Amino acid sequence: MHGRPRKAYKPEEEAASAAKAAKLRGLQSQFMANHHNKIYTKEAVDLSTKLLEINPEAYTAWNYRKLAVEDKLSRIESDPDLVKTILDEELRVVESALKQNFKSYGAWHHRKWVLSKGHSSVGNELRLLDQFQKLDTRNFHAWNYRRFVVELTKRSEQDELEYTDDMIGSDFSNYSAWHNRSVLLSSLLARKADGFLPNKKIPDEYKLVQNAIFTDEDDQSGWFYHLWLLDQTVNVETPLLTSSWPSHGSRISLYAGCSNGSFSKLTTFGSESGSFPLVLYFDQAVGGVSSSTVTIDSELKGNEDLVWEPVSKKNSQVSCVWVARLKYISSEPCFGKEYKVKVRVGNSPGIVSSRGFNFSASYEFVFTAHVHDTVEESSQEGIVSWTDGFDIWDAESKDLNALATLDRSNAQMDSKWRQEAIAEEIDLFRELPDSKIGKLTLARLLMAKAMISDDAVKGVHYNEILELYKDLMALDSSHYQYYKDEHSVALLRKVTSSTEDLSGHLFRCRNMNNSVCLRLNNLSLSRIASVEKLLFVQMLDLSHNELHSTEGLEAMQLLSCLNLSRNRIRSFSALDSLRHLKQLRVLDVSHNHIGEHSVDTTRYLCSSPLSNSEWPQDEVGSQMPSLATKYWDAYFVLRDLNLKQLDITGNVIAGDEFSSFVLQVVPKLVWLDGKKLEI
C-alpha cells in the first residue's frame, strides 16, 4: 500500500498471527453475547477493553461502550466527580487503542463523543495531540480532531495559524498542515479579521509556499496549496452576474409561430407559446432569484410576476443559470411595435450563493423588443442542412457587441492586486526547470491572468496556454484526458475572448430567419466551456470533435439546432442537459458511440428508473414498457424535447426497433435520419 511492497511472513510470525486471530475470535464471541444481552457489568466492559486493545477498529465494541457509559450515567445521581471518573476511563481506553493504531476511525470518533458529554477537561487534549503529532505529523485523523478540540476550547484561529507555521517549518511536505492552514485562512479572510485582507495576506502566502516548492519541487503538498491560493486570487466570494440574454443595449425581433420570411440582422426569435427566455448567468451557483429580487419594467402586458427557475440537475434550487419566460403575445394587440424592457437584478436583498454570500453588485440592463405580426406556419417544413444557406459574419459589423456581453465580471472586482500577484508568480515559475507540475502551474497562472486581463493581451496568453497543454499531453500520457479537457477550455476561452475572435466562427443562416450559427467543428474539443458568452447563439455546430457529454449547453436557452455528429458520446445519458432546452428542434447525434458498449456505467451503477414505481410514466411508457425500460436513458431525454428533426445514424443503437420507439416518444418528429416521415 502507498508504494510499499508486501513482505513475506516468517514461520514464527505466521504462528503468532494465528494465535492472535484465535484469541480475537474467542473475545469476539463472548463480547457479542454480552452486547446482544445488554450486559454492562464491569467484567463485560473489561472484556470489550481487551478486544479493543487487540483490534481498535472493532466499531461494534466502541458503540457497545457508548451504551455502557449511558447505562452507568443513568444509574448514578448527579455526582460530577463520578461522572468525570467514568468518562476519564473512556479517554484512557481510547488513548491505549490509539497507541495500537493511530489511524483508528472508531477510536477518534469515540474520543469526540466522550468530550462532547461536557464533563471532561479539554485542556489536556492539545498537549496529548502534540505528542501524537510528533509521531506522525501528517495524520489527518489527528488534524481533524485538533480542529474539533480548538472549537471546544475557543482557541483563536490566529494561534492555530502560528501552529501550522511551526509544523510546515519543520516539514514542508506536511500536506495536513497546509490543508489546515487553508481552512483557517478561509475563515479569517471571510470575516476580514485584523491583518487578514486578501490583497495583503494572499501575496504573503505566495512567498511562504514558494519556499516549499523551490526547496523540493517533487513534493506535491506545496503545489496543492499554491493551487488553492490561485483560486483565492481569481475568485471573489460574493456572486457576480457574468452575462445575460438579452444583453444590455441589444435589439431583438420577436414573432409568433414559424416564419418563411427574412427579418433584419437583429436577433430573431420565434415561439409558438408567445414568450421568450430571459437568462441570467452568475459566476457561481445562487438561490433566491425571484420576482422580488429581479424586477422587470416593460409595457409588455402579463409579466408582472415572472417565475424564475434554476437550470440545474435533480431539481436543485441553486444554479449558475436562471431563466424566466417573458410574454410578448397577449389578448391586447401589440404587433408591429417596439418595447423597451428594463431588468434590475439584485433590486432587493435575497440572492445568495450556495456558500452563503449575498449578491451585492446590483445590475441593470435594458434591451429593445420589436414584436412582429404573426407569421403563418409553413405547410412544408424543410430539412435543416448544416452545409447550405449560411452567410459569413461581417467582422466589421457592430452587431456582435450588442449580442454578446463579454467579461462583465471583471469590471466588478478589484483586479489590480490580483494581476500583480499573478504576474509575479508567472515570472517566478518561468525560471523553474521544465517539469510536469511546473508546466501545469504555469498554464493555470496564465489562464488566471487571461481571465482578468484586457482583451488586447488575452490572445497571447491563450496561445501559450495551448502550447503548454500540448506539451503536457505528450509528456504525461497517464493524465492525457485531463490535459485534453483543459486544452479545450483554453481554446474556447480564446475563441470567446474578443468579438474579433468570435466573429470568425459566426454565420447567419438564411433558411432559419438569419439565425445566429456558431461553428466550433473540427477543433478536437473534449469539453464544453465559456457558454456564458454564447447565450445569443441559436444554431451550434460541434461536429467532428471528441465530446463525451453536452454538460454546459443547458445555459444556451435560445438553441434551436444542434449538431453533435461524429463525437464520442456513448449514451443518451450524456445528453441529459439538453432536456432544459425548450427551443431545441433539430438534433444530430449521428456517428457517435451510442449503444456500442454493452455495459453502460450509468446502467451499472443504478437500475432503470422505470423500475421505481414512484417515477411518473407517460402514455408511451405505459404502452411500451419493455422498450421504455430497455432504452430508458433515451426515453427520459427525448420525451422532454420537442424535436422536429433527429439524426441517429451511425450509432450501434440505430435500427428499426429504436426508430419505432423514437417515433412514439417524439410524436412531433418530421424528419428522422434524413428521411421525411409520413404523417
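This note walks through a predicted model of one protein chain, point by point.

1. **The chain as a whole.** The model is predicted, so read every value below as computed from it. The secondary structure comes to 22 helices and 19 strands. The chain has 679 residues, and 49% of them count as buried.

2. **Contacts along the sequence.** Take the contacts in the chain with a separation of 6 or more. Residues 24 or more positions apart account for 68% of them. Leu326 and Phe276 are 50 residues apart in sequence, yet their C-alpha atoms are 5.4 Å apart. Leu326 is found in strand E7, which covers residues 319-327. Is Leu326 buried or exposed? Its relative accessibility is 0%, so Leu326 counts as buried.

3. **Helix H3.** This helix runs over residues 59-75, which makes 17 residues. At 1.5 Å a residue it should span 24 Å. Its end C-alpha atoms are 25 Å apart, which agrees. Which residues of H3 are buried? They are Ala61, Trp62, Tyr64, Arg65, Lys66, Ala68, Val69 and Asp71. An α-helix has 3.6 residues a turn, so residues three or four places apart point the same way.

4. Glu90 lies in helix H4, residues 80-100. Its relative accessible area is 3%. The cut-off for buried is under 20%, so Glu90 is buried. What does Glu90 touch, leaving aside its neighbours within four places in sequence? The contacts are Arg65, Val69, His110 and Val114.

5. **A nonpolar patch.** Tyr59, Tyr105 and Phe140 make a nonpolar surface patch of about 300 Å². Tyr59 has its place in helix H3. At 37% relative accessibility, Tyr59 counts as partly exposed.

6. **Salt bridges: Lys117 and Glu70.** The structure holds 27 salt bridges. In one of them, the side chains of Lys117 and Glu70 meet at 2.9 Å, N to O. This pair links distant parts of the chain, 47 residues apart. Lys117 sits in the loop between helix H5 (105-116) and helix H6 (123-135), while Glu70 is in helix H3. Lys117 is partly exposed at 27% relative accessibility. Glu70 is partly exposed too, at 36%.

7. **Salt bridges: Arg251 and Glu338.** Here the side chains meet at 2.4 Å, N to O. The pair links two strands: Arg251 is in E2 (residues 251-256) and Glu338 is in E8 (residues 337-345). They are 87 residues apart. Arg251 has a relative accessible area of 38%, so it is partly exposed. Glu338, at 42%, is partly exposed as well.

8. **Salt bridges: Arg430 and Glu464.** This bridge is 2.5 Å, N to O. Why does it tie together separate parts of the chain? Arg430 lies in helix H13 (residues 416-430) and Glu464 in helix H15 (residues 455-475), so the pair joins parts that are 34 residues apart in sequence. Arg430 is partly exposed, with a relative accessible area of 44%. Glu464 is partly exposed at 25%.

9. **A salt-bridge network.** Some bridges are joined up. Asp130, Arg146, Arg155 and Glu160 are linked in a network of salt bridges. Arg146 is one of the buried residues of helix H7, the subject of the next point.

10. **Helix H7.** Helix H7 covers residues 140-153 and has 14 residues. From its first C-alpha to its last it reaches 20 Å, close to the 20 Å expected at 1.5 Å a residue. Its buried residues are His141, Ala142, Trp143, Tyr145, Arg146, Phe148, Val149 and Val150. Which helices do the buried residues of H7 pack against? They pack against H5, H6, H8 (157-170) and H9 (175-190).

11. **The two ends of H7.** Look at the start of H7. A side-chain oxygen of Asn139 reaches to within 2.9 Å of the backbone nitrogen of His141. Now look just after H7. There, Lys154 takes a positive phi of about 60 degrees.

Note on methods. Residues are numbered from 1 along each chain as its sequence is written. This is a predicted model: local features need pLDDT of at least 70, side-chain atom pairs count only at pLDDT 80 or more; totals for chains, interfaces and linings use all residues. Side-chain values use heavy atoms; hydrogens and water are left out. Helices (H or I, at least four residues) and strands (E, at least two) are DSSP runs, numbered from the N terminus. The expected span of a helix is 1.5 Å times one less than its number of residues. Buried means under 20% relative accessible area, exposed over 50%, partly exposed in between (1.4 Å probe, protein chains only). Contact means heavy atoms within 4.5 Å. Patches are made of residues with over 30% relative accessible area and no salt bridge: like charges are joined within 9 Å, nonpolar side chains (Val, Leu, Ile, Met, Phe, Trp, Tyr) within 5 Å. Accessible areas come from the Shrake-Rupley method with a 1.4 Å probe; for residues, only the protein chains shown count as cover. A salt bridge is a side-chain nitrogen of Lys or Arg within 4 Å of a carboxyl oxygen of Asp or Glu. A polar contact is a pair of N or O atoms within 3.5 Å; within protein, one must be able to donate a hydrogen and the other to accept it, and residues adjacent in sequence count only if both atoms are side-chain atoms.
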